[in-house]
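Please read it alongside the sequence and structure displayed here.

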Amino acid sequence: VKIIHVVRNPLDNIATIHRRQNLALKEATQYYFHHAATNARLVEEFPDLVLTLHHEAVSREPARELRRLCHFLGLDAPADYLEACAQVVFTEPRKTRCDSAWTQTLITEVLERSQSHFFLQRYLSEIADFARQNDSKNKMAAA
């Protein structure tokens with residue numbers, strides 16, 4: 001058994017869970033971090049059996065990331081295969097976080113809880129930026 005652990009900005013995952021499973025954002029956040037804790041335990045317990053791929057890296061460099069995946073699975077990755085696959089990958093991830101009404105409290109919770117998961121560390125500044133943008137948007141709407 002090998003585990004392919006695909007990670008993206010938690011705000012986008014939570015917003016998608018919120019929309020697809022018809023959960024409140026707070027409930028979707030709890031759901032997300034419950035699963036993130038499980039993933040962290042699996043990665044820690046079985047590091048040789050888990051490959052973590054970041055969604056943004058796949059979008060930015062699909063051939064390189066697919067090559068890593070194929071290598072992890074013990075599969076060949078001919079250049080023509082990698083090029084064909086790269087052609088169907090979106091060049092930018094969709095930011096579903098922008099489709100939901102976030103509270104500052106909930107964004108802060110996501111930021112704080114993300115700090116404890118090594119695979120979410122790369123998103124901390126992006127989450128903080130989103131918090132500032134959301135706060136500005138809310139202040140403008142209230143004025």
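The model is predicted, so local features need pLDDT of at least 70 and side-chain atom pairs count only at pLDDT 80 or more, whereas totals for chains, interfaces and linings use all residues. Residues are numbered from 1 along each chain as its sequence is written, and side-chain values use heavy atoms, with hydrogens and water left out.

**Overall architecture**

- The chain contains seven helices and two strands; helices (H or I, at least four residues) and strands (E, at least two) are DSSP runs numbered from the N terminus.
- Read from the N terminus, the order of elements is β-α-α-β-α-α-α-α-α.
- The C-alpha trace spans about 60 × 35 × 30 Å along its principal axes.
- Of the 143 residues, 38% count as buried, where buried means under 20% relative accessible area, exposed over 50% and partly exposed in between (1.4 Å probe, protein chains only).
- Among contacts (heavy atoms within 4.5 Å) with a separation of 6 or more, 69% join residues 24 or more positions apart.

**Nonpolar cores**

- A nonpolar core is a set of buried Ala, Val, Leu, Ile, Met, Phe, Trp, Tyr and Cys residues joined through side-chain atoms within 4.5 Å.
- The largest such core has 23 residues, and those with the most contacts inside it are Ile14, Tyr32, Phe33, Trp102, Val110, Leu120 and Ile127.
- At least two residues of this core come from each of α1 (10-20), α2 (25-45), α6 (104-114) and α7 (124-142).
- Helix α2 provides the largest share of this core, with six residues.
- Apart from this core lies another of seven residues, including Leu51, Leu69, Cys70 and Phe72.
- Not counting residues up to four places away in sequence, Phe33 touches Ile14, Val110, Arg113, Ser114, His117 and Leu120.

**Packing of α1 and α2**

- The axes of α1 and α2 come within 8 Å and cross at roughly 120 degrees; axes are lines fitted to C-alpha atoms, for helices over the stretch in contact, and angles run from 0 to 180 degrees between N-to-C directions.
- This angle makes α1 oblique to α2, given that angles under 35 degrees count as roughly parallel, over 145 as roughly antiparallel, 65 to 115 as roughly perpendicular and the rest as oblique.
- From α1, Pro10, Asn13, Ile14, Ala15, Ile17 and His18 meet Leu25, Ala28, Thr29, Tyr31, Tyr32 and Phe33 of α2.
- By class, this contact of α1 with α2 has nine nonpolar, three polar and no charged residues; Ala, Val, Leu, Ile, Met, Phe, Trp, Tyr, Cys and Pro count as nonpolar, Asp, Glu, Lys and Arg as charged, and the others, Gly among them, as polar.

**Packing of α4 and α5**

- Helix α4 (residues 62-73) packs against helix α5 (residues 79-86) at an angle of about 125 degrees, with their axes 9 Å apart.
- That angle makes α4 oblique to α5.
- Pro62, Ala63, Leu66, Arg67 and Cys70 of α4 form the contact with Tyr81, Leu82, Cys85 and Ala86 of α5.
- The contact of α4 with α5 has eight nonpolar, no polar and one charged residues.

**Leu42**

- Leu42 lies in helix α2 and is partly exposed, with a relative accessible area of 30%.
- Leaving aside neighbours within four places in sequence, Leu42 is in contact with Ile3 and Val50.
- The C-alpha atoms of Leu42 and His5 are separated by 9.8 Å, although these residues are 37 apart along the chain.
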